[in-house]
Amino acid sequence: MSELPHPVTGELFASPVPPGTGWPDDPATDPRTELERLGAEISVCRRCPRLVAWREDVAATKRASFAGEPYWGRPIAGWGSATPRVLVVGLAPAAHGGNRTGRIFTGDRSGDWLFAGLHRVGLARQATSVHAGDGQELIETRMAAAVRCAPPLNRPTTQERDACAPWLEAEVRLVAASVRVIVALGSYGWDATLRTVRALDWEVPRPKPRFGHGAEAVLTGPYGEVLLLGCYHPSQQNTFTGKLTEPMLDDVLGRAARTGRT
Ligand code: SF4
């Protein structure tokens, strides 16, 4: 068991890997890059007592259909290209999705929609994202969550949101040089992105850009302009009701792919 410091507070977090999960005891072993080091630090964070208890309880009790599988039960690091042109910012991992598979948007219905769309526009190698060893690969794209632990009812508290914000700030800082487009999923992802880039002293239009599907805003960071695109979250609530359709998703993701290539 190791201890790692939170990037802002300096608090130390002990690695909580439960026995028998099948994952490495300590993913912080020999990280090769700053981004890997960040991911390792995130994966052992225990700053929010309520979320730590929830994620680990879900991992221990499991959903019946996954009873035979190990659950990750830890925070979810960003995933994808280390030099992305497109950054996708979501809310938080799902209890039986990312919290189970250890990879963002992997193993749940929202991820099925998102990865299928990313594949259709050429930003993902495969149309599905099932588990961390499935061979899926993002193309010039990276995904990160505003809150890295699965929250009960998908609702982190304001304190939990703020506690986790430094992780996204650190991740955006490390990939900013290549990012040309940020796709914000839902109003939560939109607001988290704006808070993050403001904290990094990027220029944000005033008044604050309003979220909507297909909404856009131009942010100015240290490496130039970055297009922020709003996209309805591919939650079952949105996809089952038709609030978000495949053509709508492809419209935004296709725009991100085209802008990212320019
Ligand atoms: Fe740490 Fe973020 Fe998880 Fe809170 S939500 S325990 S800050 S990784």
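Predicted model: local features only at pLDDT ≥ 70, side-chain atom pairs only at ≥ 80, totals over all residues.

The peptide bond that joins Arg 206 to Pro 207 is cis, with an omega of about -5°.

Although Phe 105 is not a glycine, its phi is positive, at about 50°.

## Packing of helices

Two packed helices are described by the angle between their axes together with the distance between those axes. For α5 and helix α6, the latter made of residues 186-199, the angle is about 65° and the axes lie 9 Å apart. That makes α5 roughly perpendicular to α6, because angles from 65 to 115 degrees count as such. The crossing in which α5 passes α6 is right-handed.

The other pair consists of α4 and helix α8 (residues 246-261), which pack at an angle of about 55°, with their axes 9 Å apart. The two helices α4 and α8 are therefore oblique to each other, and their crossing is right-handed.

## Surroundings of the ligand

Where does the ligand sit? The ligand is placed in the largest cavity, and the residues around it are Cys 45, Arg 46, Arg 47, Cys 48, Leu 51, Pro 75, Val 147, Arg 148, Cys 149, Ala 163, Cys 164 and Trp 167.

By type, the residues of this shell divide into nine nonpolar and three charged, with no polar residue. Helix α5, which covers residues 158-175, gives the most to the shell around the ligand, contributing three residues.

Conventions: Residues numbered from 1 in each chain as written. Heavy atoms only, no water. Near = heavy atom within 4 Å. 1 Å grid on protein atoms, 1.4 Å probe; cavity = no way out; pocket = protein on both sides within 12 Å on 5 of 7 lines; lining within 4 Å. Sits in = over half its atoms within 2 Å of the grid points. Helix = DSSP H or I, 4+ residues; strand = E, 2+ residues; numbered from the N terminus. Nonpolar A, V, L, I, M, F, W, Y, C, P; charged D, E, K, R; others polar. Axes fitted to C-alpha atoms, helices over the stretch in contact; angles between N-to-C directions. Parallel < 35°, antiparallel > 145°, perpendicular 65-115°, else oblique. Left-handed = near helix turned anticlockwise from the far one by under 90°.
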